[in-house]
Structure formats: C-alpha cells, structure tokens
Amino acid sequence: MKKQNIVYIALYIVVSLLTVIAIFPFLWIILSSFKSTNELAHHPLALLSKDFTIEYYRQVLFDLGFIKNIRNSLVISLIATLISIVISALGAYGIVRFFPGFGKLMTRFLITTYMFPPILLAIPYTIVIVQLGLMNTWIGLVITYLSFSIPYAVWMLIGFFSTVPIEIEEAAKVDGANRLVIFSKIVLPIVMPGLVATAVYTFINTWNEFLFALLLINTTNKMPISIALYSLNGSEILNWGQMLAASVIIVLPSIVFFMLIQKKISSGLSEGSVK
C-alpha cells in the first residue's frame, strides 16, 4: 500500500507539473495584458504587475472596434452551429434508422473529407464562392464552414443515435406517435449530451477559424474576431499590449464556455462510444 501511495503521489506531481506547463503561456498572456507599456518593455517575464491597467482592453474594444468583430464572430458561429446541428442530426438519424448498412460506408467517406488540409482547398473554395457571387458575405463564409462541420457532426452523431434502443421508438409507434414526434420528443432528448458536445466543438472550431475568413472577407465591418486580431500585425509599430489584450478576448470566451459545459461534453462522448 505504501508503494502504491508513493506511485499515486508521483503521478499527481507529474500531472500537476504538466498542467502548469500547459497553462503557463495563457496565464502569462492574461497577466501581461494588464501591464503598463514600460513594464512590457523592461520586465516582460514578470508575472505580477506593479502598475495594473486595463487601458489595452479599452483601446481594443472601443478604439479599435473589436466589439463589432466579436459580434460578427458570434453571429457567424451561432448560425453555422445551428444549421450544422439541425442538418447533421437529421442526417445521422436517417443513416442509423433507414440505411444502417450504408451508414458504415458513409461514415468512412465523411471522415475522408478531413484528410485534406484546409490550405489545399483554399483556391477551389474561393473560386466557387466568387462564382456564386458570395464573396465578402457572411453567407459564403457560413456555407464554407458548413462544408467542414456537417461531415464531422454527422460522424459524431451517428454513434450517439446508435445508442437509442429501437424498442423505444416501436413502443411510441404503437401509441400512435409519428416519425417526427418520435424524433423530436423521444430520440433527441436521449442524445442531447451528444448534441451539446457536437455543438460545442462546431462552435469553437468556427469561432477560431482563420484561413477562410481571411480569404473570403475583406471588409473591416464584416471581419470576424480572428481576422481583426491578425490585422494588428499590419501596423507599423506593433503594440504588444493591444495584441495581448485582443488574444485574451478571443481565447477566454471559448475556455469559459468549454469549462461550463465540460460535464455535458464528457458524458456525451462516453455515451456515444457505447453501442
């Protein structure tokens, strides 16, 4: 027992050290975003600030107009996530219940779409969006995001819908429920953890996407937050305080959102793995 306790203690120490190493860069960014310009220049590695200030956040949000860019990212991400979940839920349920044999082949085909790096598809996507007349529009950007998020969402939700016993649906049919009622009132509540997990991953991926937003959006008023952050590099003199504050504004919402519903995600992933 003593040896076992020593092993556990050693593992906890190792995990704690790895956790500190993993979160230290982000912690340093947060603490440095509250430093004055003089401290950033002369004491960049110091964790605690002697001259606490929120000036950089005021400059980023109001002077540089990041509030508008945050709104743009929020609208684009929510629309893409909502459409993706609706389409993928219907598609995954149809595959599981109506095409079970074809479902395995289709899931493999869906996964192959992620074998191609995004940069390889940049030119074809740009050409298609231009020909559709959707360049510099949120619609074109959302369509691009859906082409990536829907295959992944369908692949994830197939595992969740496969856990729903067919006997429950047959019992509902006997009671007179039609297919739509069964899907909306019985099946969806059962797979809700999986829907939440899929929606979270879709939202975070859309929120953090950079390449296609850079290619398809060229108006400042329509830019998402990731492109607004990149635009700070274009200035002649890079303001590190603004860069740090903008980085925190971009990353922190995703982390907080993920932490609030991580139990839903973990339960959804564990339920989806059981068939």
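Buried means under 20% relative accessible area, exposed over 50% and partly exposed in between, with a 1.4 Å probe and protein chains only. At 2% relative accessibility, Val200 counts as buried, and buried residues make up 38% of the 275 residues in the chain. This is a predicted model, in which local features need pLDDT of at least 70 and side-chain atom pairs count only at pLDDT 80 or more, while totals for chains, interfaces and linings use all residues. Residues are numbered from 1 along each chain as its sequence is written, and side-chain values use heavy atoms, with hydrogens and water left out.

**Overall layout and confidence**

- The chain has 14 helices and zero strands; both are DSSP runs numbered from the N terminus, with helices being H or I of at least four residues and strands being E of at least two.
- Along the principal axes, the C-alpha atoms fill a box of roughly 75 × 70 × 35 Å.
- Residues 24 or more positions apart account for 72% of the chain's contacts with a separation of 6 or more, where contact means heavy atoms within 4.5 Å.
- The mean pLDDT of the chain is 83, and 90% of its residues reach 70 or more; pLDDT is the predictor's confidence in each residue, from 0 to 100.
- Please handle one stretch with care: over residues 268–275 the pLDDT is below 50, and beyond near neighbours in sequence this stretch has 14 contacts in the model.

**Nonpolar cores**

- A nonpolar core is a set of buried Ala, Val, Leu, Ile, Met, Phe, Trp, Tyr and Cys residues joined through side-chain atoms within 4.5 Å.
- The largest such core holds 38 residues, of which Leu141, Leu157, Phe161, Val191 and Leu195 touch the most other members.
- Two or more residues of this core come from each of α4, α6 (118–131), α7, α9 (179–190), α10 and α11 (211–216), and α7 gives the most, with twelve residues.
- A second, separate core has 19 residues, including Tyr57, Val60, Ala245 and Ile250.
- As background, nonpolar side chains in soluble globular proteins tend to be buried together.
- Leaving aside neighbours within four places in sequence, Leu141 is in contact with Ile76, Phe212, Ala213, Leu216 and Ile217.
- Leu188 sits in helix α9, and its contacts beyond four places in sequence are Phe161, Phe183 and Leu195.
- From C-alpha to C-alpha, Leu188 and Val164 are 9.6 Å apart in space and 24 residues apart in sequence.

**The cavity**

- On a 1 Å grid over the protein atoms alone, a cavity is a set of points where a 1.4 Å probe fits but cannot get out, and lining residues have an atom within 4 Å of a point.
- Grid points are joined across faces, edges and corners, and a volume is the space filled by probe spheres set on the points.
- By this rule there is one cavity of 30 Å³ or more, and the largest cavity holds about 30 Å³ of space.
- Its lining consists of Ser73, Ile76, Ser77, Leu141, Tyr145, Thr206, Trp207, Glu209, Pro224 and Ser226.
- The elements that give two or more residues to this lining are α4 (66–98), α7 (138–161) and α10 (192–208), and α4 gives the most, with three.
- The lining residues divide into five nonpolar, four polar and one charged; Ala, Val, Leu, Ile, Met, Phe, Trp, Tyr, Cys and Pro count as nonpolar, Asp, Glu, Lys and Arg as charged, and the others, Gly among them, as polar.
- Ser77, in helix α4, is buried with a relative accessible area of 1%.
- Beyond four places in sequence, Ser77 is in contact with Phe203, Thr206 and Trp207.

**Other residues to look at**

- Val200 lies in helix α10, and its C-alpha atom is separated by 7.4 Å from that of Phe258, 58 residues apart along the chain.
- Ser33 is found in the loop between α1 (2–32) and α2 (37–42) and counts as buried at 0% relative accessibility.
- Not counting residues up to four places away in sequence, Ser33 touches Thr53, Tyr56, Tyr57, Leu244, Ala245 and Val248.
- Ser33 and Phe102, 69 residues apart in sequence, are 52 Å apart in space from C-alpha to C-alpha.
- Asn136 is in the loop between α6 and α7 and is buried, with a relative accessible area of 14%.
- The phi of Asn136 is near 65°, a positive value in a residue other than glycine.
- For context, most residues other than glycine have a negative phi.

Definitions and conventions:
1 Å grid on protein atoms, 1.4 Å probe; cavity = no way out; pocket = protein on both sides within 12 Å on 5 of 7 lines; lining within 4 Å.
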